[in-house]
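Please look over the sequence and the structure shown here before reading on.

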Amino acid sequence: MRTNTYAIPIRTTMLGLLGVALIALGGMGAGAILERDPLLAQVGLSWLRYGHGHDLASMVLYLGLGLVVWAWVRLGRLVRWGEIGDFAVLVAVTVWTLPLLFAPPLFSKDIYSYLAQGQLALTGYDPYTVGPAVLQSTLSENVSWVWQHTPAPYGPLFILIAKAIVWATNASVILGVVAMRFALAGGLVLLCWALPGLSRHLGGKSAIALWLVAANPLLLIHLIGGAHNDLLMIGLMAAGVLLVLDRRHVLGFVLLALAFSVKATAVVIAPFLVWIWAARLEGDKRAQFRKALLPGLLAFLGTFAVCTLVAGVSLGWIPALRSSSMIINWLSIPSAVGDFVRMIVNWFVYVDGGIFIGVARALGSVVLIWIAYTQWWAARDGDVRDGIRRGTLTMLAVALLSPATLPWYFSWPLALAAGFAWSTGALVTMTIASVFLLLVTFPNGDTALYSWGYLFFALMVSVLAARSLVKPDPFGLSTRYE
């Protein structure tokens, strides 16, 4: 079937728009709202935060989630059947993103931490040595208690962005949330620019890649609605990888350094790109490697140094990366194993659970280092597809074997993996994973990973969504498909 390049599925696009509008509306009462919301108070909607009002808001929000997932699956079917192309997916992404830019924070309170860290830097504190609690401000009072005394684990470019936003909005929480979302949405723009090019190099279909990442509810709801800086990081990373594959090596490493200066995870793919660059140069293997490594390091470290100097911060964010270990959930394999062993042992004798978590995480780090090295060394021939595939697998291992794993961390490898060719089975699996990971956090930012009844329901919804991707009428209720 020949793709109609500029065809737009109006009903599907509007279905998703209705969904995100309901999510934004329900988020006013059920989202990660302010401790004291002057906007709700002024318009007489404070009742949405409590009792039956909160229940109503939650129902509206989850109805919106259902419509967004439904629209995404319908869009995916049209992409798979070849009825629409890149343009239709980009239109849907744009339409579905706009309401989320102005919604209350959804499924996470991290954006309040970002703004408080920017205020720390703006007022002369070092955000890498103190936590938001020292501010005693409107911004800091909305930061989750977990991070009140935690230094920022983010790079200098992100601190600079947060600092500029707090200054431009005069430390307004509401304006700061919207401004931060617009800044992070730049990562979505970069993703949409990079994914067709990555597909060209990696053998995939650009419309599938855009649908799988840019239109994915996991990314839109968590990274736009939840306003996580991972979005800016993966956008810069994907663009940097594409530039390297397009033989604009130095500029590619500059963008990778910018991504690293937002969040450290972006550095994982850089060593694999050195092999790809080296394979294009003359000389023996060692000479090729040196010729690629030196300019790559200069571009990367030089860009990072400039970001650090302009932001006026130190390297304190690197040791602060350990702060994520405060999170314990079973999405992290080492944390899950340690917690499971603790539970079993404590059936018989009480032992401090921290011992098991610590040992399991240490073993996980060893396994991660082994995976990263073996995958990097296996990519030394410099083949583009093999190198990016192994780099993507390593990034997936980072998400799974880190001390702490959160649902949106899986957007890291997905941003690169989307460029490959995907079988139907792989798309079905990814649909299940995306919808399930979307749902394992409650709208106010609390984890649902230990609410087993709710998780069973989320899994059933995820399976239904995946089945609908390949079977338009999964229950066989319509005569239209007979």
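The model is a predicted one. Two packed helices are described by the angle between their axes and the distance between the axes. Helix α6, residues 156–168, packs with helix α13, residues 285–311, at an angle of about 35°. Their axes are 8 Å apart. The crossing of α6 and α13 is left-handed. Helix α6 brings Pro156, Leu157, Leu160 and Lys163 to the contact, and helix α13 brings Phe304, Cys307, Thr308, Val310 and Ala311. Sorted by class, this contact of α6 with α13 has seven nonpolar residues, one polar residue and one charged residue.

Helix α14 can be checked by its length. This helix covers residues 333–346, which is 14 residues. Which residues of α14 are buried? They are Pro334, Ser335 and Gly338. Seen down the axis of α14, these buried residues fall within an arc of 100°, and therefore they line one face of the helix.

Helix α12, residues 270–278, is mostly covered, with eight of its nine residues buried. The buried residues of α12 are Ala270, Phe272, Leu273, Val274, Trp275, Ile276, Trp277 and Ala278. One of these, Phe272, is also touched by threonine 394. Threonine 394 has its place in helix α16, residues 384–401. With a relative accessible area of 2%, threonine 394 is buried, because buried means under 20%. Not counting residues up to four places away in sequence, threonine 394 touches Val268, Phe272, Leu368, Ile371, Ala372 and Gln375.

Serine 434 is a further residue within a helix, here α18, residues 424–439. Is serine 434 buried or exposed? Its relative accessibility is 2%, so serine 434 counts as buried. Residues up to four places away in sequence aside, serine 434 touches Trp72, Asn216 and Leu218. Distance along the chain and distance in space can both be given for serine 434 and alanine 465: 31 residues in sequence, and 10.0 Å in space from C-alpha to C-alpha.

Leucine 90 lies in helix α4, residues 86–101. Its relative accessible area is 31%, so leucine 90 is partly exposed. Neighbours within four places in sequence left aside, leucine 90 is in contact with Cys192 and Leu210. Leucine 90 and glycine 16 are 74 residues apart in sequence, and their C-alpha atoms are 13 Å apart in space.

The next residues lie in loops. Histidine 228 is found in the loop between α9, residues 217–225, and α10, residues 230–245. How accessible is a residue in this loop? Histidine 228 has a relative accessible area of 0%, so it is buried. Apart from neighbours within four places in sequence, histidine 228 is in contact with Ser108, Asp110, Tyr114, Leu184, His222, Leu223 and Trp408.

Helix α6 comes up again here, as loops on either side of it hold the remaining residues. Most residues other than glycine have a negative phi. Glutamine 136, which is not a glycine, has a positive phi of about 50°. Glutamine 136 lies in the loop between α5, residues 110–122, and α6. At 70% relative accessibility, glutamine 136 counts as exposed.

Asparagine 170 also has a positive phi, near 55°, and is a residue other than glycine. The place of asparagine 170 is in the loop between α6 and α7, the latter being residues 173–202. Asparagine 170 counts as exposed, with a relative accessibility of 70%.

Serine 172 lies in the loop between α6 and α7 as well. At 24% relative accessibility, serine 172 counts as partly exposed. Serine 172 and valine 68 are 104 residues apart along the chain, and their C-alpha atoms are separated by 30 Å.

Methods:
Residues numbered from 1 in each chain as written. Predicted model: local features only at pLDDT ≥ 70, side-chain atom pairs only at ≥ 80, totals over all residues. Heavy atoms only, no water. Axes fitted to C-alpha atoms, helices over the stretch in contact; angles between N-to-C directions. Helix = DSSP H or I, 4+ residues; strand = E, 2+ residues; numbered from the N terminus. Left-handed = near helix turned anticlockwise from the far one by under 90°. Contact = heavy atoms within 4.5 Å. Nonpolar A, V, L, I, M, F, W, Y, C, P; charged D, E, K, R; others polar. Expected span 1.5 Å × (residues − 1). Buried < 20%, exposed > 50% of the residue type's maximum accessible area, 1.4 Å probe, protein only. Arc of directions from axis to C-beta.
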